[in-house]
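Open the model in your viewer and keep the selection tool at hand. The tour goes stop by stop: what to select, then what is there.

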Amino acid sequence: MFKSSSLFIIVLIVFCAGCVLKNDSQENSTAKTIWGDSLLLNETDYYQTLFPHAVVDAVSSHIASQVYEGLLMFNTKDLYVQPSIAERWMIDSAGTTYTFFLKKGVKFHDDVCFENGIGREVTANDFNYCFKQLCTYSENNKLFETTFKDILVGANEYYAKSKTEKPSTEIEGIKVLDDYTLQLKVTQSSGTFLLKLATLATAVFPKEGYDTYGNELKIGTGPFVFPKSGKDFKRLVLSRNVNYHVLDSSGKKLPYLDKICFTFLPNKKDELEAFKKGEIDAIIGLPSEDVNTIVQKQIKKFQGDSAIYTLERIPEMITHFFEFNVTRPPFDNVKVRQAFNYAINRDRIVEVVLNNEAYGPAESGVVPPSFRDYDISKIKGYTYDPEKARKLLAEAGYPGGKGFPSFKFLVNSGGQRNTSVAFEVEKQLINVLGITINIDVVSFPDKINAVQNGTADMYKNALGADYPSPESFLWSFYGKTLPADKSKPSYPNTSRYFNQEYDLLFEAGKKEINEQKCFEYFAKAEQLMMTEAPVIVLWYDESYQLKQSKVKNLFPNPLRYRNYTQVYKETPINYPIID
C-alpha cells in the first residue's frame, strides 16, 4: 500500500499481466507538436555497456533502448506488446510457431562499417544472425538464459556446441522464409515469448557493425543515434535518426525530438537543483523528502492550467533486497539466513530511512505487487521477530553472535540511499544478533563484478523486470542457470541458490499457457525459495516522476520502459542545450 506524503501527489497505478497481449498504438500526436527540441535527462550512474546481449543494469538499458529495436516493443502507457520492425505476426493453432512479417525500408544507422557509410536495409537474415549470436556462449552474453534457453527449438544445443567450437549449422527453431518473413518455433506454448521479443536482448544489429566494433557496437535502427565521438563521462547526446521508419497516427515523421541529452550527476540533490534551473526536463526517482520540499515551497508551480511542473507517483516492477552467496559460509546455513531475515525491521527502514518512498514493508516475496492477478499476499515472507532471529542463530551454532565469522557486505553508493540502508541494518544486526558487519562501499561496476563472480558474501541488490511477468523475477533463482564450474561468473542467479523442486515448479509455470495455473506454479516456487531465504526482501520500489509540464507524452510505467519517439515540448523553451 502507498503511504502518501503529499496532498498534491498524483497517484498513477498501472497494472499489467504477463500473459495478456494486444496491439496498441502510442498516444496520438497533437497539432501543437514542435520538432527540433531537446529532452534533457540525468542518470546518477554512468552506463556500463550498450551492447544488447550484455546489458544488465537499468541505466544502460534506458540508453540502449533508444538506439536499438527488435521485432516488437512495449507500449509505454500499458506495457502491452505492439509492432516494431515486425509490422504484424501470426501464431499457429498449437501456439508453437510464430511467423513475423517485417516492415520494408527499415535501415540501420549510418556508419563507416557500411558501404559508402550509409546504413543498409534490415532483413530477416539480420534477426537470424543476432538470434544466433544470442545463442552463442560468451562471457559478454548475459541474456541467453532469460530469453531463448529452453524455449526456442534448437537453442540449447546450439549454445552448448558454441562453448567448444563455432557452430556451422543453423538453429532449428529459426527459419528465414524470405527477406521480410521470419519464423520462430518454440518448444511449447508460452505466455511470455512475445514479451521477451520486445526486450532489448532480442534487438537487431548489423553483422558489419559487430565485425568492426565487437561489444563496443552502438548501431541499431532506433529513433536516436549514438554519437561518433569518444566517451564523455559528464554527458551523452543522442541525435535524431532522420531515417527512422515510424510515423505517428497522422503521418508525421518520428521522433519529434531532435536530441536526448543525458548528464551524469551522481547526487540526487544536484539533479534537483539542475531541474529547478531548467537544465533537466524530468527526474525519474525523486527522493520523497525532496517531493515535500519542492511541493510545499513552490505549490503554485503545480496548480492550474498554467502549472510549470507535473508530479506523478508510480509503483514499479522493482524489488530491493540483500542477497547472500549461499555457497559461502556462514550463509550456506539456511538458519543463519532465516535469522538475518527475522532480525531486520523493515518498517523502520521504509519509514525512517526511505521516508516512505517505497512499498513496504516487504513481508511477502521477491515479486512486487505490480502484476495483475499475481497475489503476493499468498507468499509468506519474514516479519520483524528478534526472539525468533536469536533462536535460529543459536541453532545455527552462534548463540548471541559468538563465534560468527567476519564477512563483508558490499554496497554501491546509489545516491547515498543504499549506504543509508546498509548502516541502519548494521545497527539492527548488532542490537538483535550481536553481529558486526563490515560494510564495503564500492563502485557499481566493482559490485557487479564481485557479485557475478561469487567473491562477495552478502550484498545489496535489486531486481527489475525485463518484461512484465513474475517469471522475470523468479529466473534469478533458477538453478539450471548456474555454471558447472563454481569459479565461473553466474548470472542471473547471483545468489547461486539451487533447489530441484523450485526448478521443476518454475519450469511448469513457464510452460503453462493458462495464466491462473501459471501463477499458481510460480507462487509455489517463490514460497519455497523464500522459506530457504537466499535473500532478505526489503521493499518494493516506487518512484516520483517530476517533469516540466510542457514536456508531453512522457509516460511513466512500472517497467521503467522508455520510448521517446512521441515525446515533445508543447512550446519552445529556452533551456540550455548540451552539444
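**Stop 1: two packed helices.** Select helix 11 (residues 386–395) and helix 12 (residues 417–433). They pack at an angle of about 75 degrees, with their axes 9 Å apart. Axes here are lines fitted to C-alpha atoms, for helices over the stretch in contact, and angles run from 0 to 180 degrees between N-to-C directions. Helix 11 and helix 12 are therefore roughly perpendicular to each other; angles under 35 degrees count as roughly parallel, over 145 as roughly antiparallel, 65 to 115 as roughly perpendicular and the rest as oblique. Helices (H or I, at least four residues) and strands (E, at least two) are DSSP runs, numbered from the N terminus.

Now show side chains. From helix 11, Pro386, Ala389, Arg390 and Leu393 meet Asn431, Val432 and Leu433 of helix 12. A contact means heavy atoms within 4.5 Å. This contact is made up of five nonpolar residues, one polar and one charged. In that count, Ala, Val, Leu, Ile, Met, Phe, Trp, Tyr, Cys and Pro are nonpolar, Asp, Glu, Lys and Arg are charged, and the others, Gly among them, are polar.

**Before moving on: how to read the model.** This is a predicted model, in which local features need pLDDT of at least 70 and side-chain atom pairs count only at pLDDT 80 or more, while totals for chains, interfaces and linings use all residues. Residues are numbered from 1 along each chain as its sequence is written, and side-chain values use heavy atoms, with hydrogens and water left out.

Colour by pLDDT, the predictor's confidence in each residue, from 0 to 100. The protein's mean is 87, and 91% of its residues reach 70 or more. Select residues 1–32: pLDDT stays under 50 there, and the model has 104 contacts beyond four places in sequence for this stretch. Then select residues 572–579, where pLDDT is again below 50 and the model has 20 contacts beyond near neighbours in sequence.

Stop 2: Two strands pair if DSSP finds at least two bridges between them.

Zoom in on strand 7 and strand 8 (residues 181–185). Four bridges join them in the antiparallel sense. Which residue of strand 8 stands opposite isoleucine 174? Leucine 184 does.

Stop 3: Strand 2 and strand 11 (residues 259–263) run parallel, joined by five bridges. Leucine 39 has isoleucine 260 in strand 11 as its bridge partner.

**Stop 4: a strand largely enclosed.** Select strand 16 (residues 458–464). Five of its seven residues are buried, so strand 16 is largely enclosed by the rest of the structure. Buried means under 20% relative accessible area, exposed over 50%, partly exposed in between (1.4 Å probe, protein chains only). Seven bridges pair strand 16 with strand 13 in the antiparallel sense, and isoleucine 318 stands opposite glycine 464. Strand 14 (residues 408–412) pairs with strand 16 in the parallel sense over two bridges. There, leucine 410 stands opposite tyrosine 459.

**Stop 5: backbone details in loops.** Select proline 329 and proline 330. A cis peptide bond joins them, with omega about 10 degrees. Proline 330 is in the loop between strand 13 (309–324) and helix 9 (334–343). Next, take asparagine 116, in the loop between strand 6 and helix 2. Its phi is near 65 degrees, a positive value in a residue other than glycine. Is asparagine 116 buried or exposed? At 69% relative accessibility, asparagine 116 counts as exposed.
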